[in-house]
Amino acid sequence: MLRSDTTGFTFGCLLPEPEVPLFGDFVKAPAQQGLTEIIGVIHNIVIEDDLFVRQLIAAPDLPDAYIQDQRRNRQIPIEVSVLSVGYSSGNTMIQGLPPQPPVTLDYIKRCSINDMIAFTDRQDYLALILNSKETPVDELIVAALQRASGARPIEDRALFLIQAGKELARLLSDDLSKLDSILRRIQVNT
Amino acid sequence: MTIESELESIFPSNKDDPSNLGLRLGIIVGGSLSKGLTVKLDAGELPGSMIEQLAVGRYVVVQGLTERRFFCIVTDVSLEHTNPSIESNPPETTDIYTAEIYRSTLVYGRANVAPMLVLERDSEEPRPVKTIPAHFSVVSQANEEDVARVFGKADDDHFYIGNPIEMDQVPINVNLDRFIERSSGVFGKSGTGKSFITRTLLSGIVKSGKASCLIFDMHNDYGWAIKNEHGREYKGLQQLFDANRVNVITLDPETSQTRGNRHDGALHIPYDAIEPEDIAMLAGVLTLSEVQVNALYFLRRRLGRKWLRKLLSDDEHDQTELDEFIQQGDLIKGTLGAIQRKFEIFRHMGFLQTNVREDLVETLFQKLNSGISIVLEFGIYGDNLPAYMFVANYLTRRIHHRYVATKNKAFGHQGDEPNPLMIVIEEAHKFLDPEISQHTIFGTIARELRKYNVTLLVVDQRPSGIDDEVMSQIGTRVTCLLDNESDIRAVFSGVSGASALREVLARLDTQQQALIMGHAVPMPVVIRTRDYGPELYAEITGGESHDIQSDGEKVAQAKADLFG
Ligand SMILES: Nc1ncnc2c1ncn2[C@@H]1O[C@H](COP(=O)(O)OP(=O)(O)OP(=O)(O)O)[C@@H](O)[C@H]1O
Ligand SMILES: [Mg+2]
């Protein structure tokens, strides 16, 4: 955890990792001394440059083997930004901004399949995503729904996507072209 | 505490047995008492399908906030959306996903419902609405219990005449007391089932003994067996009731005989009993001018009781007598000629006779007053409108006169009052047209309500031809399909809030469906009229029926009664 505020947080990690974070993934971070767990969706991944990379790029005629070695073995720092969409408190999942952001240096985990299913059982988080300013909102929604739908058994997916679609339609009732483009991509991507 | 349970403690939801509620349809989103309520339909199990199941004319129940239940009738349905650009950019037909989502959110069905009755919290008896349900009250399909509660049970006073559309198990009953209390009407285009529903109603009234009926049966629809266009045979009233309840009198014994119709007597009218008033009403159909009508009164005055006979006579002596009026300048030759020409038609009325043994009017009055209904069969005269109108007018004037006298004599002594009488006429607009209804006996009867225990049952396919004033006195209106705008307007005249039902009326099936509204039903109702057939016969005749007395015997007995 590097930085955080009410609407989201940013954490860093090193590449490669066993689990590479992906755009649209659901993650969770502890807050309020472990009383709550904040749930968020990854909306931005930044690979930081550093001095060493700059030098490498500047150097002429680097042997290919060298570059491969760098890629495989060098620890590249990446910065992952998360949009907070809810939190869990005890056994209940709440969709909405958490009362407190996570504290720095806390450890961020990816949501388990069960967490994801439980959290996306209701669709109120879609409003939070739609309202966020900084992200490519449409893409993020499509990716998040793809993840949430993928977490479910195949027979449940259609119903889930219908419910999500209905919520989107309610939220975007006055922006039909946006709604239409999201719905179309949901169908293609999931 | 969850949010829901918190809300529940603040606003306890209705603890009514949920099984009591029919399928939920939607919620109230607007409207008014006068214009009806707007219902936003739920998307439903199969999104958007609700609208296809909600037929105009159906009943719905709105559960109000204050435990009032409002009974409403669906008057219109429409397709709505929340965003107009959906009309220009609808989802692709192949895009089932988007379409389903739209159908459950951005587009919706809307129903207009007219509130009719309200069932207050602890009351069993529904009352006419004076309030409307609050915003977002839940609307559900009326279930069979609801409808049954509104229309009550069939008993001695309530006669089963049909079922609401798609509720075959729920009987709709008309309150017979109220049906005969004021004049009633059966309307509808040709072939929509007027005669059948009239016959059903008549059988119920005769069975109840609440009134005698005097039926001017133009098309031989009510007396003896009737064949429909598919050759199926239906029983007439005479076959359902014994001679103590129904007698058939014919104007045309020959045809009745050859058709095998049994009758209990023939009607003859003596020329000398006819008064100008009996004919004045025919001015329209005979195209008599005012001058010519006035001449009739003159002739009656000068020629005495034999005036009509003399007018139609070929006898030279009579002709001279008439010519004298012309010479004296009392009559213009042209007028007399025109009258004589137009009166030719009376020569073809075989029931007009010089010598009639008995005063049938008095016999008929006695029968009607003692509870026997009379079907007057016209035979070949059915197609002769002047004959039909003449006879109906002739008899009604005299019988009404007898009723007035009897009623006045009774002077409040219940026991001496004449037995209620309902006079049934077809082609009623010819009798009740605004031009003449002021002066005719039928207009009088309709207007004086039941002052003298006489009311009308008018059967008509052109209600727009009936005087508005008369129409507004018609208490119960049974209306089959009508498609002419002015006819539709006419049947709703004077019915408050009924304009919402116009759509309902215009959408009736072409046969055997009717909208009933007014005095005899607690709220307007669209029914599929009860099959006129064995089941009804059995109910009317009380099971194995009157076969004990064969039809032949019955006729013999009636004849004996009638002609001594
Ligand atoms: N209650 C009913 N039971 C059985 N058949 C019916 C019923 N109502 C209507 N029908 C069918 O509809 C046909 C037409 O009905 P009906 O003769 O009563 O029409 P109408 O309105 O009196 O027509 P018109 O104006 O020509 O006299 C009947 O011949 C019969 O086949
Ligand atoms: Mg008829």
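Biologist: Which polar backbone atom is a nitrogen atom of ligand 1 3.0 Å from?
Modeller: One of B:Tyr532. I call that a polar contact, a pair of N or O atoms within 3.5 Å. This is a predicted model, where local features need pLDDT of at least 70, side-chain atom pairs count only at pLDDT 80 or more, and totals for chains, interfaces and linings use all residues. Residues are numbered from 1 along each chain as written, chains are lettered from A and ligands numbered from 1 in the order written, and side-chain values use heavy atoms, leaving out hydrogens and water.

Biologist: And what do the oxygens of ligand 1 sit by?
Modeller: An oxygen atom of ligand 1 is 3.0 Å from a polar backbone atom of B:Gly193, and an oxygen atom is 3.2 Å from one of B:Thr192.

Biologist: How many residues surround ligand 1?
Modeller: 17, with B:Gly191, B:Lys194, B:Ser195, B:Glu229 and B:Arg530 the closest; to be near, a residue needs a heavy atom within 4 Å.

Biologist: Which helix gives the most to that shell?
Modeller: Helix 7 of chain B, residues 194–208, with three residues. Helices are DSSP runs (H or I, at least four residues) and strands are too (E, at least two), numbered from the N terminus.

Biologist: Switching to salt bridges, how many over all chains?
Modeller: 36, taking a side-chain nitrogen of Lys or Arg within 4 Å of a carboxyl oxygen of Asp or Glu. One of them joins A:Glu79 and A:Arg3, with the closest N and O atoms 2.8 Å apart.

Biologist: What does that pair tie together?
Modeller: A:Glu79 is in strand 5 (residues 76–89) of chain A and A:Arg3 in strand 1 (residues 3–5) of chain A, so the pair links parts 76 residues apart in sequence.

Notes: A polar contact is a pair of N or O atoms within 3.5 Å; within protein, one must be able to donate a hydrogen and the other to accept it, and residues adjacent in sequence count only if both atoms are side-chain atoms.
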